[in-house]
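Please examine the structure shown below. The report that follows describes selected local features, then the contact between chains, and then the fold of one chain.

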Amino acid sequence: MRIVIAEDSTILRQGLVELLGLRGHDVVAAVKDAEELRSAVRAHRPDVSVVDIRMPPSHTDEGLRAAIELREELAGCAILLFSQYVETKYAKQLLADQAGAVGYLLKDRVAEVSDFLDALRRVAAGETVLDPEVVRQLFAATGRSGPLAELTAREREVLDLMAQGRSNSAIAADLFLSAGSVEKYVTSIFAKLGLPPSEGHNRRVLAVLRYLGV
Amino acid sequence: MTSRAADARTPRRGWWPGPLRQTRAEAAWLVVAGVLSPAALVVVLAGLAVGVALSPLGLGLLVLAGVVRGMRLLGGLHRRLAGVLLDAPLRAPAPVVLRPGLWHWLVARLGDRHAWRAGAYLVLRVPISFAGFAVAGSLLVFGVAAVSYPVLWFFTRDVLPVYNIVSRTWPGTVLWAVGGVLALAAVPWVVHALAVLDRQLGRLLLSGPGLLQRLRFLEETRATALEDAAQRLRRIERDLHDGAQAQLVAMAMKLGLAKEELATDTVDLDQVRALVEAAHGNAKQALVELRDLARGIHPAALDKGLDVALSTVATAAGMTATVSVRLGRRPPPSLEAVVYFAAAELMTNVAKHSGKPCTVRIDEHDGVLHLTVTDAGPGGAAVVPGGGLAGIAERLRPVDGELTVASPPGGPTVVTAEVPLPR
């Protein structure tokens, strides 16, 4: 994959470049602020960008704002937001365009290198990947009301894993279920959330978004 | 009775004259201030006239600023005199806040509210000066003359040259003497009445912060303290985010890579070794950064007292410093921390700007803790808005601390912080 990295901490930027290089990826640009990120993405059109939310000059949400702008400007621009803390407001803003190809992970997740690379690959492939912590907080904020209240405990578990970007087979493995039963739960979730079959693959994203109250 | 005991201790504040000692002091005040304040007023008015006359030349503004400064000094002189003679200790008004530049200096000097108040005091004191001499003075003169008339009458049998005191018969002179005694008895009352007026006038125009100003000061310093605490927390969060946390993420990243490399069939040992080495470096760096951060929050050495903590600061900064702490008892921890951070920052300043050895002295006078940091560096240190010293002064304010800086060009620099200790 061709990857752009935007991270203001030198030590983490170099670490990511090294890690992705070792795993055979092509880091086309590693930049340290949002302005450089914008020009790097416009120039290189990478498969995916890893973006730190908090960057100079104000150290608040520069990375997020640049990501939202870039996604408006370039269709299908895949971005994995990378942060040391979880802010549900950011996650909701990022997910609001419902276009997929986004992720929001805690920086801690790089410790599991393969999982991190897998998440990166999925975002590049157009999926939505959320950190379990993000999901937990979003769900806590949404509460259990509306159509979500009708889901069974098992269905909620499946939806929780879907929100983390897991595929059906991964969910089946996690919950010790057969692929067939996961499929059944997923269909039931779609039905209960009122998502008609015609919306195809995007239904998965929509279900997650509804689940997260975005 | 409690009230009488209180009366004995505190000088009487009503219209009733106090003991003789007090009346004497009040009379002395009326004489000294009676000459001083009209004379001062004449000089001030002359100065103002010169200043106004010269103002088209621009030079006049300088003269005016000088005169205004003079008014402030005269106000201070009267305040101190009143403090001694009238037993009316008044708080000095806040000093003028000066900023660099001639224009700022002029504006600050000419707009010095307390100096103009002192000027108003000089004007309003004129009637009191006059009354002091005209009423109290003539009562005294008449009283002494009339009381001595019976004796003098034997020698002169004549009219006295003052107040037309005259009598044909000796019993008549006794009547005069009784009148004189009455006049003399009235003197302390008049003197005291004038002194009471003077006290009020001084309190109104010469004193610094009253309760209202104190309230405003407390509001301001409370806001400063809150802002300071919030900023400190923000800084700690930033330091954690950019420091230890980043090091730990980098370390986890490298160990993750190493772990996965070790799980493969063809382990590249060189790569694993390099990764572990780098992760080890991250871990050590994270430890250093956490320790620095912890020291910034609360220095562990401070638990053992200011001298140990400040000696540690000197050693850590690699500077030569003589630290001496002479306090009767340990200040409360919150105050100790304030003094510690002020001293540590001053010492860091010395290390940064002067490089010369410094002396840190902490002692106590009259319930006030004095922190003095002296160095033989090049001098020229000043409290400028937004500067390091101003920051220290600002952080001392919530505990009523004051920072003074004496740093002539060529040195030495003496920075003193005074912090009142709780009783």
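## The loop that holds His59(A)

His59(A) lies in the loop between E3 and H3 of chain A. Helices (H or I, at least four residues) and strands (E, at least two) are DSSP runs, numbered from the N terminus. The phi angle of His59(A) is near 55°, a positive value in a residue other than glycine. His59(A) counts as partly exposed because it has 14 C-beta neighbours inside 10 Å. A residue is buried if 20 or more other C-beta atoms lie within 10 Å of its own, exposed if 12 or fewer, and partly exposed in between, with C-beta atoms placed from the backbone.

Pro57(A) lies in the loop between strand E3 (48-52) and helix H3 (62-73) of chain A. The peptide bond from Pro56(A) to Pro57(A) is cis, with omega near 5°.

## Basis of the model

This is a predicted model, in which local features need pLDDT of at least 70, side-chain atom pairs count only at pLDDT 80 or more, and totals for chains, interfaces and linings use all residues. Residues are numbered from 1 along each chain as its sequence is written, while chains are lettered from A and ligands numbered from 1 in the order in which they are written.

How do H7(A) and H8(A) cross, and what is the angle? The axes of helix H7 (residues 153-163) and helix H8 (residues 168-175) of chain A come within 10 Å and cross at roughly 130°. Axes are lines fitted to C-alpha atoms, for helices over the stretch in contact, and angles run from 0 to 180 degrees between N-to-C directions. H7(A) and H8(A) are therefore oblique to each other; angles under 35 degrees count as roughly parallel, over 145 as roughly antiparallel, 65 to 115 as roughly perpendicular and the rest as oblique. The contact is made by Glu157(A), Val158(A), Leu161(A) and Met162(A) of H7(A), together with Ile171(A), Asp174(A) and Leu175(A) of H8(A). Two residues are in contact if their C-beta atoms, placed from the backbone, lie within 7 Å.

Phe176(A) is placed in the loop between H8 and helix H9 (179-192) of chain A. Phe176(A) has a positive phi of about 55° although it is not a glycine, and it is exposed, with 6 other C-beta atoms within 10 Å.

## Contact between the chains

The contact takes 14 residues from chain A and 13 residues from chain B. On the side of chain A that touches chain B, helix H1 (10-22) and helix H5 (113-124) each supply at least two residues. The largest share of that side, five residues, comes from H1(A).

## The fold of chain B

Chain B has twelve helices and five strands, and buried residues make up 28% of its 423 residues. Five strands of chain B form an open sheet with mixed pairing, in the order E1-E2-E3-E5-E4. Two strands pair if DSSP finds at least two bridges between them. Strand E1 (321-326) and strand E4 (402-406) of chain B stand at the edges, each with a single partner strand, so one side of each is left without a neighbour in the sheet.

Strand E2 (residues 358-365) and strand E3 (residues 368-375) of chain B pair in the antiparallel sense over eight bridges, and Val360(B) stands opposite Val373(B) in E3(B). Helix H10 (residues 306-316) of chain B lies across E1 and E2 of chain B, running at about 170° to E1(B). Helix H12 (residues 388-396) of chain B lies across E4 and strand E5 (413-420) of chain B, at about 150° to E4(B).
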